[in-house]
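Below is a briefing on one structure.

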Amino acid sequence: MITHYGYCDGSGEYYIIIDSDKCSGCGKCVQKCPQSALKLETEFIDLEDKTVAAVSEEHRKKIKYTCGSCNPESNNVPCVLTCEAKAISCVWNPR
Amino acid sequence: MSKPKGKEFWRWQEYHRIMPGKKWSSKDIITAGVDVGSVGSKAAIMVNGEAYSWGITRTGSNSPESANKALDYALEDTGLKVSDLKYIVGTGYGRVNVPMANKAITEIACHAKGANYIWGPTVRTVLDVGGQDIKAIRIDETGRVVSFLMNDKCAAGTGRGMEVFADLLQIPIEQIGEISLKVEKEPEPVSCTCVAFAKTEAMGLLRKGWSREKVLAAYTRAMAVRMANLINRVGLEKELVVTGGQSKNIGIVSRIEAILGVKTLPMPNWRDEGSLDPMVAGALGAASLAKALYEKAQKR
């Protein structure tokens with residue numbers, strides 16, 4: 001399951017995208033995130049609870065500011081680079 | 001503009017339904033899904049995985065109370081008691097506050113399953129327009145979520161926004177979709193879909209001499225553009241369906257179809273006895289997952 005965390009508003013679109021089918025729940029991205037915006041969460045899929053990485057609730061509505069300092073336009077951000085399963089990507093299109 | 005005393009244009013109909021001709025016995029697997037949304041609370045009862053009854057009420061300030069109210073409404077006149085329910089799944093905005101639920105599941109998974117139940121295995125994209133957020137969900141033929149996107153940052157383009165407009169323009173909420181289509185030429189969408197600012201903009205347009213229909217068309221258009229953007233972000237795949245309260249808004253649905261260039265699968269006419277209601281898709285999905293979870297627990 002691919003989850004788009006973030007939003008599109010008048011200033012552009014900002015998403016951190018996590019693929020929970022690929023995510024192993026290792027938690028390395030959580031440790032690497034300089035903004036502490038990621039955490040491990042329980043996700044319900046195929047009638048099972050699986051532990052996966054997620055953008056924490058408090059940052060979802062202000063992701064433009066929380067994640068902006070990592071320069072996600074380049075995709076060379078700590079969470080994306082550290083993920084061995086390549087489960088994380090970003091879409092960052094400020095207008 | 002003076003408002004007739006006591007008339008609440010935003011107020012939508014609360015109702016409950018038992019599917020005609022359906023029966024239950026104590027041997028059946030009876031499950032429930034309770035979907036406490038930001039604006040509406042829905043509860044659905046399933047007998048052996050088939051829709052049996054449901055109730056839709058307005059969500060109050062107290063989530064557990066709203067959950068109880070919706071479930072009681074769904075059980076009304078069925079002869080069933082809460083203790084007859086083998087498994088209850090809570091979902092929606094207030095899902096953690098559904099006291100009687102055996103498990104809480106996100107509304108994403110429930111709407112996916114519910115859309116699969118209502119329209120069948122050909123559904124691939126679900127747009128759920130709720131009271132306070134919009135979700136675009138891609139699913140597979142079993143109703144499993146493949147990809148999703150939720151915009152709950154602001155109330156723009158949601159049911160709550162429509163309620164505000166119904167009140168502002170003094171048009172009953174049920175008629176708002178049809179009236180928005182009564183324009184000769186589709187106007188430019190309003191520049192701002194923010195509910196608070198759109199109200200100001202709408203007042204300005206009315207003062208400029210725009211008709212109510214034209215203002216509504218411009219606002220509905222702006223909402224539809226926003227929704228189409230979300231669908232394009234998760235990737236549009238046919239068939240497309242709309243769930244949630246705004247699925248009943250023909251002005252929204254027909255504009256999304258026009259913008260994306262695809263037809264949605266036909267909406268069940270919820271006013272007909274014996275017809276399913278896309279507004280209860282989340283609750284139906286929750287009840288369906290409740291059955292699966294109950295059976296899984298039995299096998300252990």
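How far apart do the C-alpha centres of domain 1 of chain B and domain 2 of chain B lie? They lie 29 Å apart. This is a predicted model, in which local features need pLDDT of at least 70 and side-chain atom pairs count only at pLDDT 80 or more, while totals for chains, interfaces and linings use all residues. Residues are numbered from 1 along each chain as its sequence is written, and chains are lettered from A and ligands numbered from 1 in the order in which they are written.

**Domains of chain B**
- Domain 1 of chain B covers 15-120 + 280-299 and domain 2 covers 150-260; the bounds come from an automatic or database domain assignment.
- Five residues of domain 2 of chain B are in contact with seven residues of domain 1 of chain B (contact: C-beta atoms, placed from the backbone, within 7 Å).
- On the domain 1 side, helix α2 (residues 107-119) of chain B gives the most, with four residues (helices are DSSP runs of H or I with at least four residues, strands runs of E with at least two, numbered from the N terminus).
- That side of domain 1 of chain B has four nonpolar, three polar and no charged residues (nonpolar: Ala, Val, Leu, Ile, Met, Phe, Trp, Tyr, Cys and Pro; charged: Asp, Glu, Lys and Arg; polar: the others, Gly among them).

**Helix α2(B)**
- Of the 13 residues of α2(B), 13 are buried (buried: 20 or more other C-beta atoms within 10 Å of its own; exposed: 12 or fewer; partly exposed: in between; C-beta atoms are placed from the backbone).
- B:Gly120, with a positive phi near 95°, follows α2(B).
- α2(B) packs with helix α8 (residues 281-299) of chain B at an angle of about 95°, their axes 6 Å apart (axes are lines fitted to C-alpha atoms, for helices over the stretch in contact; angles run from 0 to 180 degrees between N-to-C directions).
- α2(B) is therefore roughly perpendicular to α8(B) (65 to 115 degrees; under 35 is roughly parallel, over 145 roughly antiparallel, the rest oblique).
- The contact of α2(B) with α8(B) has ten nonpolar, five polar and two charged residues.

**Contact of chains A and B**
- Eleven residues from chain A and 17 residues from chain B take part.
- Strand β1 (residues 2-9) of chain A gives the most to the chain A side, with six residues.

**Backbone details**
- Most residues other than glycine have a negative phi, and most peptide bonds are trans.
- A:Asp46, not a glycine, has a positive phi of about 50°.
- A:Asp46 counts as exposed because it has 12 C-beta neighbours inside 10 Å.
- The peptide bond from B:Lys238 to B:Glu239 is cis, with omega near 5°.

Definitions and conventions: Two residues are in contact if their C-beta atoms, placed from the backbone, lie within 7 Å.
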